[in-house]
Amino acid sequence: MDRSEQLSATQEEVEPFLELTPELVQQRRSQGRIIFDRFMRNRAAIVGAVFLVLLFLVCFVGPLIIRSDPNALNFSAASQGPSFKYLFGTDSLGRDELARVMAGGQVSLLVGLSSMVMAIIFGVGIGAFAGYFGGIVDNLLMRFTDVALAVPLYLLLFVLSAAITDHSPRTVIILIAAFGWTSVSRLVRGEFLTLREREFVLAARTIGAGNLRLMFRHILPNAAGPIIVSATLLVGTNIILESVLSYFNFGIAPPAASWGNLVGDGHDYFFSAPWLVFIPGLFIFLTALSFNLVGDGLRDALDPYMTER
Amino acid sequence: MGRYIIRRLLQAILLLFLLSLGMFLLLHLMPGGPVGVLFNPRQSGAVKAAITKQFGLDQPLIIQYFRWLGSALVGNFGYSFADYQPVLRIIGQRFPATLELFTYALLFALILAITLGMISAVRQGSITDYTLTSLSYFGISMPIFLFGLFAQYIFGVWLHWLPTSGTQTYGYTFDAFGQYLDHLSHLVLPMLVLSLTFIAGWSRYMRSSMIEVLKQDYIRTARAKGVGPVSLLIRHALRNAVIPLITVVALNFGQIAGGAAITEGIFGWPGMGSLFLASLDARDYPVLLAMLLLGAVLVIMFNLIADILYAVVDPRIRYS
């Protein structure tokens, strides 16, 4: 009896035991499925996620259904409270506040998301190089982030955005991203420092993977969890930053709407038309809250050491 | 210890130098920098030449920087573009109001954060703990300017409990005590608003640090020796649990300063934050540059204090 016959014989004997019953299938879950299940058990995070989905629908699909020009003036209907015709009322120039909140939401969400993407790309790049190569590269890059961390961030952000007279979303995105990457790069550097010593990296190196391949194909996916979490939390932070800047007239410039400058505009009529402050204000708050809830939910779901409850 | 502090100080000075250079260049190279403020199309050539000479704008930027740094080091930050007063005097006038707001807000935030964090830690998993956790989510997600506006409307406009701006009521004459009370009532809302975000974050921190400490052996030993629950918490656990919080507070200084600027702007509190916002509107670069530098000095100083404090209160940390 040669070896292959031996193998097939044992396989036949073992086969019946391996038959997959439905119960067994249910227990074998993919990594993604485990994370998803864990996330779904966090009620607060679900509420946050559902709110965000609804919010995106309202802001991006809403204007296609409720066709109301956010910049159309109508002085005969100025400063009206919320009604069936104007769900969120109108501002001092008779513009439909609902249309403006939807248009402003597009800008605010876009600024929050794209500045997050920029900050993550920059932060991951710097952190990866610092953590992977160590030595002088690490020292230089980390001193650079040290300097960036020592600046009183808010104050410098204010000064820069006041000085740059071009108040387009693009400028605001770049400015906010320039302030968000430091924490990301520190986080990624820490992950890379520990991951680069692991056996799978050595194994990949042995079969001839180059530095870039090692960094971005092998190590980076293993650091994905914390990066995803900090990306989620960063969107909330960035939306708040944008709204603070726009509220003080240093962010998105009128007539373009953003939640921040809607609150700023409304503040002039705070006593006679408080809804103009409260409605966009609540949108900012609830969006930031939802991103925080989802981020914390992801943190728990992605943590491999988290015991299943 | 002495050598450690000296080395950290030298590092701090180097960092500060780099920062001031970076901020100076950034502000001057930006479109609409000081040059954009000083000149306008209606000025004659002679006026422009005079201004160029007066502010040394014909020199290379790096020379301009060292001239600015040289006079800044002896306390001369130049003159405000807005009202031609010395920058240092303008900032000095605003300092007391900010210090007052800062002190009250910081004390209030610390006391409340420590108390709430301890309650959460001791009653871990209870309804109180969950309530405080949910509340802290609200606190962390609420931008300071929004909380300020909401508080103004609710307590000032709607309930008529508290004044919404300024430092005193005009048009009334009070006796000395009445005037003080009036002043305090103006302080309440800005103080609450400024401290809220930090109470939320710090109480979370205090909670986890307290939970860590309560697990330690020495706590069990103390309990076994018959130390009462209150004394155990306050005299034994609190001391060690507060150490990490103090460093976090020091490290948060930059954020507190930003929050203070926003709070002062919203409540019309006549401190350095209001000055900062007004200078932004006027693009008063000498004032802004001085305030940024002051902010950086304070951030670096508080970082240093945090590190040293940490080393002093926790003998396990080595200075290497």
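**Briefing: chains A and B of a predicted model**

Apart from its neighbours within four places in sequence, B:Met291 is in contact (C-beta atoms, placed from the backbone, within 7 Å) with A:Leu155, B:Ile91, B:Met272 and B:Phe276. The model is predicted: local features need pLDDT of at least 70, side-chain atom pairs count only at pLDDT 80 or more, and totals for chains, interfaces and linings use all residues. Residues are numbered from 1 along each chain as its sequence is written, while chains are lettered from A in the order in which they are written.

**Nonpolar core**
- A nonpolar core is a set of buried Ala, Val, Leu, Ile, Met, Phe, Trp, Tyr and Cys residues joined through C-beta atoms within 7 Å.
- A residue is buried if 20 or more other C-beta atoms, placed from the backbone, lie within 10 Å of its own.
- The largest such core holds 144 residues, and the members touching the most others are A:Leu155, A:Val159, B:Met291 and B:Leu292.
- Helix α5 (residues 97-133) of chain A contributes the largest share of this core, 17 residues.

**Interface**
- Contacts link 34 residues of chain A with 38 residues of chain B.
- On chain A, α6 (135-150), α7 (153-163), α11 (224-247) and α13 (275-302) each supply at least two residues of the side that touches chain B.

**Chain B**
- Chain B has 13 helices and zero strands, where helices are DSSP runs (H or I, at least four residues) and strands are E runs of at least two, numbered from the N terminus.
- The C-alpha trace of chain B spans about 85 × 60 × 35 Å along its principal axes.
- Of the 320 residues in chain B, 31% are buried.

Note on methods:
Contact = placed C-beta atoms within 7 Å. Buried ≥ 20, exposed ≤ 12 C-beta atoms within 10 Å, placed from the backbone.
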